[in-house]
Amino acid sequence: LRMIKSYYFHLTQKNIIGSKMTSTITDVRAKLYTWKGDVQKIHENFCTNAADLINQDNISNDRWATYKFLSWLVVEVETSDGHIGIGNAALSPKPCKSVVDNYLKPAIIGESIWDYEHIWQKMYRQTLAWGRKGVGMTAISAVDIAIWDALGKAAKQPAFKLLGGKTKSKLPCYASKLYSQPLDSLAKEAKDYLDQGFKAMKLRLGWGPNDGAEGMRKNIELIRTVRSVVGEDVDLMADVYMGWTLEYAKRMMRLIDNEKLRWLEEPVIADDIDGYADLKAGCRTPISGGEHEYTLFGFRQLLEKKAVDVVQFDTNRVGGITQAHKICALAEAFQIPVIPHAGQVHNFHISMSSLNAPIVEYFPFWPVEIGNELFWYIFDGEPQAKDGYIELDDTKPGLGIELSDKYLNDFDIEI
């Protein structure tokens, strides 16, 4: 038995070493998927966001117009040994495509995918003057994710095994939707998730500084409505999506502190790190953030300033898997848990390989609404929750997803 195990171990090592010698990047393709199918109308006060404070007379009546994700970037990295890694990004996909086509692709053609740290540093440092956050880093993230998918395929291993392997047999997940809506339909949606076996859920709060005391009351009604359905044995979280000022957030926290939330998410704009720290220091409810933060350096600031109780980077924004893996280690040293934003498989692989990632976000399949559900329509193989858990398949190499052709007629695809 030992001889058989030794043989297969050396055979695997030989395959990996062989792949390493030949897996150079031969092509990088950036594709823009734009949804042209039906889009569900969203409710009034659907969720707060940072644009709520702008004078509405001078902008679109749709306060979510600039926060929808109805186009996605898909990146394919092809290697000399025939593997195609897939990455993606939902944030500003059109300018991200331009960054990939004009800057990143020329920089990495001919590089070995096994030199992923060198590739990442090359993309980062050659675009540093303008790309260190936002569009530039999002584009880098999509390419990096594709490289890790290709690495797994070359090694014939799931990506999480290349990151350290399993730290848990399966991933606890929370149902993440429950946007602000009439209370009866909100209660029904919460009951549906409870019946599906979820032991944690996140809702969105719909009112902010412009809505005064009445809006504060309505926010609390949303929380209490869901709590009345799910009971005390289900974790409940709430998301504000940067829609509050620090002053309003402090007023709201005096009310929210009585509601036993597991965390309140993104209460103020991402640039107000001192505001996060001030709020965190003055309330009992844990504060989460980081969805709109970038790279190891950005999270060092959040952690050193004690600004958050939960780190919530998004792998396809923060710098890809290469950066996300480092941030997990950094956060572990501060004993701050990592719970990545968005229910996509690249986040699941990061969480599976980190002891410091106790639970993952899960976006249920849903008719297209604001677009953060589009990954269900673009890819095949995204894991589906069962009884409040996600399982990753040990037999699927890379990320375990492929491009789907089921909904192709509902997209315009720009290559």
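A residue is called buried when its relative accessible area is under 20%, exposed when that area is over 50%, and partly exposed in between, as found with a 1.4 Å probe on protein chains only. Helices (H or I, at least four residues) and strands (E, at least two) are DSSP runs numbered from the N terminus. The structure is a predicted model, in which local features need pLDDT of at least 70 and side-chain atom pairs count only at pLDDT 80 or more, while totals for chains, interfaces and linings use all residues. Residues are numbered from 1 along each chain as its sequence is written, and side-chain values use heavy atoms, with hydrogens and water left out.

Helix α14 spans residues 345–352, and eight of its eight residues are buried, so the helix is largely enclosed by the rest of the structure. The buried residues are V345, H346, N347, F348, H349, I350, S351 and M352.

The next element is a sheet. Strands of a sheet pair through backbone hydrogen bonds, either parallel or antiparallel. Here, two strands count as paired if DSSP finds at least two bridges between them. Four strands form an open sheet in the order β3-β2-β1-β14, with antiparallel pairing. Strands β3 (84–89) and β14 (411–414) stand at the edges with a single partner strand each, so one side of each has no neighbour in the sheet. From one strand to the next, the twist averages 25°; angles run from 0 to 180 degrees between N-to-C directions, and axes are lines fitted to C-alpha atoms, for helices over the stretch in contact.

Strand β1 (residues 25–35) pairs with β14 over four bridges. L32 stands opposite E414 in β14, and T34 has D412 of β14 as its bridge partner. Strand β1 also pairs with β2, over nine bridges; R29 has E76 in β2 as its bridge partner. Helix α5 (residues 135–155) packs on the sheet, touching β1, β2 (71–79) and β3, and its direction makes about 150° with that of β3. Contact here means heavy atoms within 4.5 Å.

On a 1 Å grid over the protein atoms alone, a cavity is a set of points where a 1.4 Å probe fits but cannot get out, and a pocket is an open set with protein on both sides within 12 Å along at least five of seven lines; lining residues have an atom within 4 Å of a point. The structure holds three cavities of 30 Å³ or more. The largest cavity is lined by 21 residues, of which F69, R317, H341, F363 and N372 lie nearest its centre.

How values were computed:
Grid points are joined across faces, edges and corners, and a volume is the space filled by probe spheres set on the points.
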